[in-house]
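Work through these exercises with the structure open beside you. Try each task before you read its solution.

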Amino acid sequence: MDFSGIGSFGSCLDDFSGKYMSPCSCMYHGVDWSNDFSNGNPRFYATSDGGYPSNTVITMAMTEDGSKFLLELLSSKDSRVSNLIFSRVFEFIFELMIHQFGRYLFQQLIVSVDEIRLQMIMEKLTVAENDIYHASVHKYGNFSVKKLITALKRSPLITYVIKALSNKFEELMTDPTGQYVILECLDVLDSRTNDLLYVRAMEGCLELSRHERGVVSMNAFIARIKGPRLDQLLNWICDNVRFLAQDPTGNYVVQCVIGLENPAINDRIFSLLEGLYVKLSMAKAGSHLVEQCLRLSGMNRVISEFIGSDQLVFVVKDRYGNYVVQTALKESKKRDSRIHASLIVKLEERLDCLRHGYGRNIRTLFKSLQ
């Protein structure tokens, strides 16, 4: 299309009306584009009931065909076009970014306008209201915020987004939709830009780790965090590992950290958990944690506690614990014959007690390992 003149810009709208709308129902007929285009003076409209006014660009953007048409106009990469569209939708920028069809125009507009207009958008979304947060937890707005993060990743304006997200960090991390905006920051932005989010993660780690949905987000966060803040966060988790390991959900954060296989961190965790391995083995989540320790460098610590405990028979007969002992037998046989032999001797003392229930699993495995 030719956008060299104002007349041709208006004719594009006429082409759209003829192509997509019947003459009697075209809601865009009569929009005066030339006034806005020629004097650069944006005029904003609002209806008394808070809805979108007729015969305006924002109304067009909220329809499937209208949104496609406006995107086609923006594809011209003519700054006059993008500036005009910006002036006509700016007042409704939040409504645009959370709309099923309007979000596509928003996502293209933010990569089409200049830095000054981007700053206007950011100020409008962040100064007075929690629009960034509300968009982040919205099923359509979430995509708009993620696109905004990508568009601003090399701009100082990204600080507007990071600050807004950090102010609602825990709410976003426990929201099934909002969490993905935080993770987008970690995937797209560098560690320096994300530093405020890293700080909030450390501040809220305990509460998030105990939250059914927050623990999933926290694990995803831990897997993505970079730079010196990673060590700070991991050491903070170590400081609280005895509490987290015994919590039904916090336990999974400990498993996540162990899974990173950081030698210094894991050695510290395995040491701090001494005295809890028997108890953890008889809990659903805890048993998975102990099995993880057995498969890594914590094996000797775990088995040594089993050998020295008068509670081992209860672990063997427990619905979860018997799987832990099976793992202990298999791993020690492969990796340390001395401690394996000591565990065998310990189990032989109570072999007659393992004829029934879950104990039979250990008795069967025990015989196969002879």
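This is a predicted model: local features need pLDDT of at least 70, side-chain atom pairs count only at pLDDT 80 or more; totals for chains, interfaces and linings use all residues.

**Exercise 1. The whole chain**

How many helices and strands does the protein have, and what percentage of its residues is buried?

Solution. Start with secondary structure: there are 26 helices and zero strands. Helices (H or I, at least four residues) and strands (E, at least two) are DSSP runs, numbered from the N terminus. Next, burial: 49% of the 370 residues are buried. Buried means under 20% relative accessible area, exposed over 50%, and partly exposed in between (1.4 Å probe, protein chains only). Last, contacts, meaning heavy atoms within 4.5 Å. Among contacts between residues at least 6 apart in sequence, 71% join residues at least 24 apart.

**Exercise 2. A helix pair and its loop**

Find which residues of H4 meet which residues of H5.

Solution. First, place the helices. H4 covers residues 64–74 and H5 covers residues 79–89. They pack at an angle of about 140 degrees, with axes 9 Å apart. Axes are lines fitted to C-alpha atoms, for helices over the stretch in contact, and angles run from 0 to 180 degrees between N-to-C directions. Second, list the partners: Leu70, Leu73 and Leu74 in H4 meet Val81, Ser82 and Ile85 in H5. Third, sort them: five are nonpolar, one is polar and none is charged. Here Ala, Val, Leu, Ile, Met, Phe, Trp, Tyr, Cys and Pro count as nonpolar, Asp, Glu, Lys and Arg as charged, and the others, Gly among them, as polar.

Then check the loop between H4 and H5, where Lys77 is found. Lys77 is not a glycine, yet has a positive phi of about 60 degrees. Lys77 counts as exposed because its relative accessible area is 73%.

**Exercise 3. The core**

Which residues have the most contacts inside the largest nonpolar core?

Solution. A nonpolar core is a set of buried Ala, Val, Leu, Ile, Met, Phe, Trp, Tyr and Cys residues joined through side-chain atoms within 4.5 Å. The largest one has 106 residues, and Ile85, Met218, Phe221 and Ile269 have the most contacts inside it. Helix H14 (residues 195–209) gives the most to this core, with six residues. In soluble globular proteins, nonpolar side chains tend to be buried together.

Beyond its neighbours within four places in sequence, Met218 contacts Met173, Ala201, Cys205, Leu208, Ser209, Leu233 and Val253.

Now take Leu206, which is found in H14. Leu206 counts as partly exposed because its relative accessibility is 25%. Not counting residues up to four places away in sequence, Leu206 touches Trp236, Phe243 and Leu244.

**Exercise 4. A covered helix**

Why does the end-to-end distance of H21 agree with its number of residues?

Solution. The expected span is 1.5 Å times one less than the number of residues. H21 (residues 284–295) has twelve residues, so it should span 16 Å. Its end C-alpha atoms are 17 Å apart, which agrees.

Next, count the cover: nine of the twelve residues of H21 are buried. Among them are Ala285, Leu289, Val290, Glu291 and Cys293. What covers the buried residues includes helices H17 (241–245), H20 (277–281), H22 (299–307) and H24 (321–335).

**Exercise 5. One buried asparagine**

Is Asn142 buried or exposed?

Solution. Asn142 sits in helix H10 (residues 141–151). Its relative accessible area is 5%, so Asn142 is buried. Leaving out residues up to four places away in sequence, Asn142 touches Ala135, Ser136, Thr177, Gly178, Tyr180 and Val181.

Note on methods:
Residues are numbered from 1 along each chain as its sequence is written. Side-chain values use heavy atoms; hydrogens and water are left out.
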